[in-house]
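Here are my notes for your next look at this model.

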Amino acid sequence: MVRDPQWDGPWQVEFTGTIDPMGAPEPAGDPRAEDGEPAYWVAFDAPQYDGAGEGPYRKAQIWARHLRGAPETDA
């Protein structure tokens, strides 16, 4: 997950996690989200605190713009 350059959030730091295949993407439903932007359930590799210092969280809905693919590695 990556931080949003437009505001202090949504998380305190950038970190890794895995999109949960059991939860389908849903509309983000927040006024700061882009129109129609999906949110994905993501399980975090380690517990995280949000931008307001609340947590720790182990899983949350993450807006699509805050997700990046894992770097490819040579096998």
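This is a predicted model: local features need pLDDT of at least 70, side-chain atom pairs count only at pLDDT 80 or more; totals for chains, interfaces and linings use all residues.

1. D30 is a friendly place to start: its relative accessible area is 24%, so D30 is partly exposed (buried means under 20% relative accessible area, exposed over 50% and partly exposed in between, with a 1.4 Å probe and protein chains only). D30 sits in the loop between β2 and β3 (strands are DSSP runs of E with at least two residues, numbered from the N terminus).

2. Residues are numbered from 1 along each chain as its sequence is written, and side-chain values use heavy atoms, with hydrogens and water left out.

3. On confidence, the chain has a mean pLDDT of 87, and 96% of its residues reach 70 or more (pLDDT is the predictor's confidence in each residue, from 0 to 100).

4. E37 counts as buried because its relative accessibility is 5%. A polar atom of its side chain lies 2.9 Å from the backbone nitrogen of E34. Not counting residues up to four places away in sequence, E37 touches E26, P27, A28, W63, A64 and R65 (contact means heavy atoms within 4.5 Å).

5. Q48, in strand β3, has 11% relative accessibility and therefore counts as buried. Its side chain reaches the backbone oxygen of A46 at 3.1 Å. Leaving aside neighbours within four places in sequence, Q48 is in contact with W11, V13, F15, E54, G55, P56 and Y57.

6. Which peptide bond is cis? The cis bond joins G55 and P56, with omega at about 10 degrees. P56 lies in the loop between β3 and β4 (57-63), and both G55 and P56 are among the contacts of Q48.

Key. A polar contact is a pair of N or O atoms within 3.5 Å; within protein, one must be able to donate a hydrogen and the other to accept it, and residues adjacent in sequence count only if both atoms are side-chain atoms. Helices (H or I, at least four residues) and strands (E, at least two) are DSSP runs, numbered from the N terminus.
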